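Please keep the sequence and the structure in view while reading.

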Amino acid sequence: MTESRMQGFAAGRYAAIDIGTVTCRMLVADVDAAGAIHEVDREYAITNLGEGVDATGMLLPAAIDRTVETVGGYCAVRDRLAEQGAPIAKTIAVATSASRDAGNSDEFVRRLAQLGVVLSVIPGWKEAGLSFSGASCDFPGQDLMVVDIGGGSTEMVVGRAGQAPAWAHSFDIGCRRVTEKFIRTDSPAPAELEAAREWVARQLAEHLGEAGKAGVAPERLVAVAGTATTVVAVRDQMRVYDSTKVHKAHVTRPQLDRQYSQLAAMPLERRSQVVGLDPGRAPVIVAGLVIMQAVMDAVGVDGFTVSETDILHGIILDAAKLG
């Protein structure tokens, strides 16, 4: 998962923490002077920081507590890795949609500061750029459209791999946001799913037309984050998640539609037992698939490539840049 770049980088070991609406993740990686990333450790947990934020505009105390506890565990892992190998040149922690939307995100920032973690709540345009930087690592020279379906927002970016994005937009569409807005029954009612689909399509249509003015004709739709990786894990019935098999896997529209039909018809309890689906993601996966289908409809493609390099890699490359 490397790419040689013209820009110089400060070689060293970096830790990136990405705190999203649904997941909280950490990547520890070594970067060389050419910008090649060599992964040392990955950590992942579903903490649902954004639970209830769309309705209340506030982070729940319990959601803050469990996310802070998770980040504290990540810090212990990071420190142990530093003791066993190279020192950590820099730790970068970013928070995205839920923290952007919440009126009490300053409390979350304060709690993490007590752990010695400086949290940046980044705007949507910055999130989109970092996602593109990370996702495009393994597609050198290709013109891409990258879609990053998160819990509270979806970033879509067009550009050439290794260069700055030609167009980017952060939509207030995410699998948890859509679930909380529209899905009330178990299993989801067809009318609920149709209302969700229509709403997502309207949000996309409002800005996606601007992508055509960017002067880049994407050769490939690349999807990152939990919805996309889950599609592959469920399709291939992965009892143990294998990132090497997920990375660069191709998903066709019929495969996506088949999985959507199967999971949408299941009650949550049964869905939580599906091989390849993290039980913590089961409550929001159907909404994620609706968003993925709507994106494909909007851009007129019949398949996508899944990338395991994503915003975490983008954060590390951004931190290591010289100048």
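**Contacts and spaces in a predicted model**

Arg 160 is partly exposed, with 36% relative accessible area. The model that holds this residue is predicted, not taken from an experiment.

**Salt bridge between Arg 160 and Asp 143**

- Arg 160 forms a salt bridge with Asp 143, and the closest N and O atoms are 2.8 Å apart.
- This pair links distant parts of the chain, since Arg 160 is in strand β7 (residues 154-160) and Asp 143 is in strand β6 (residues 143-149), 17 residues apart.
- Asp 143 has a relative accessibility of 12% and counts as buried, whereas Arg 160 is partly exposed.

**Other salt bridges**

- Side chains of opposite charge can pair when their charged atoms come close.
- How many salt bridges does a search of the whole structure find? The search finds 20 salt bridges.
- One of them joins the side chains of Glu 51 and Arg 66, at 2.6 Å from N to O.
- Glu 51 lies in the loop between β3 (37-46) and α1 (53-56), and Arg 66 lies in helix α2 (residues 61-84), so the pair ties together parts that are 15 residues apart in sequence.
- Glu 51 is partly exposed, with a relative accessible area of 30%, and Arg 66 is partly exposed, with a relative accessible area of 28%.
- Another salt bridge is formed by the side chains of Glu 127 and Arg 100, with a distance of 2.9 Å from N to O.
- Glu 127 belongs to helix α5 (residues 124-135) and Arg 100 to helix α3 (residues 97-101), so this pair ties together parts that are 27 residues apart in sequence.
- Is Glu 127 buried or exposed? Glu 127 counts as buried because its relative accessibility is 6%, and the cut-off for buried is under 20%.

**Aromatic rings and charges over rings**

- The count of aromatic pairs comes to one.
- In this pair the rings of Phe 182 and Trp 199 have centres 5.6 Å apart and planes at 50°, so the pair is tilted.
- The pair links distant parts of the chain, with Phe 182 in helix α6 (residues 175-182) and Trp 199 in helix α7 (residues 190-208), 17 residues apart.
- Phe 182 counts as buried at 18% relative accessibility, and Trp 199 is buried with a relative accessible area of 13%.
- The charged end of Arg 197 sits over the ring of Tyr 260, at 5.1 Å from the ring centre.
- Lys 248 lies over the face of Phe 139, and its distance from the ring centre is 5.3 Å.

**The largest pocket**

- Rolling a probe the size of a water molecule over the atoms shows where empty space is left.
- The volume of the largest pocket is about 690 Å³.
- Its lining has 37 residues, and those nearest the centre are Thr 23, Arg 25, Tyr 44, Gly 226 and Arg 281.
- Which elements each supply at least two residues of this lining? They are β2 (23-31), β3, β6, α8 (226-235) and α13 (311-320).
- The largest share of the lining, four residues, comes from α8.
- By class, the lining of this pocket has 12 nonpolar, 14 polar and 11 charged residues.

**The largest cavity**

- The whole structure has one cavity of 30 Å³ or more.
- The largest cavity has a volume of about 70 Å³.
- Residues that line the largest cavity include Thr 21, Gly 50, Val 53, Ser 97, Gly 151, Arg 176 and Glu 180.
- Helices α1, α3 and α6 each supply at least two residues of this lining.
- By class, the cavity lining has two nonpolar, five polar and five charged residues.

- Ile 316 and Asp 30 are 286 residues apart in sequence, while their C-alpha atoms are 9.1 Å apart in space.

Conventions: Residues are numbered from 1 along each chain as its sequence is written. This is a predicted model: local features need pLDDT of at least 70, side-chain atom pairs count only at pLDDT 80 or more; totals for chains, interfaces and linings use all residues. Side-chain values use heavy atoms; hydrogens and water are left out. A salt bridge is a side-chain nitrogen of Lys or Arg within 4 Å of a carboxyl oxygen of Asp or Glu. Buried means under 20% relative accessible area, exposed over 50%, partly exposed in between (1.4 Å probe, protein chains only). Rings of Phe, Tyr and Trp (its six-membered ring) pair if their centres lie within 6.5 Å; planes under 30 degrees apart count as stacked, over 60 as edge-to-face and the rest as tilted. A charge sits over a ring if NZ of Lys or CZ of Arg is within 6 Å of the ring centre and within 35 degrees of the ring normal. On a 1 Å grid over the protein atoms alone, a cavity is a set of points where a 1.4 Å probe fits but cannot get out, and a pocket is an open set with protein on both sides within 12 Å along at least five of seven lines; lining residues have an atom within 4 Å of a point. Grid points are joined across faces, edges and corners, and a volume is the space filled by probe spheres set on the points. Ala, Val, Leu, Ile, Met, Phe, Trp, Tyr, Cys and Pro count as nonpolar, Asp, Glu, Lys and Arg as charged, and the others, Gly among them, as polar.
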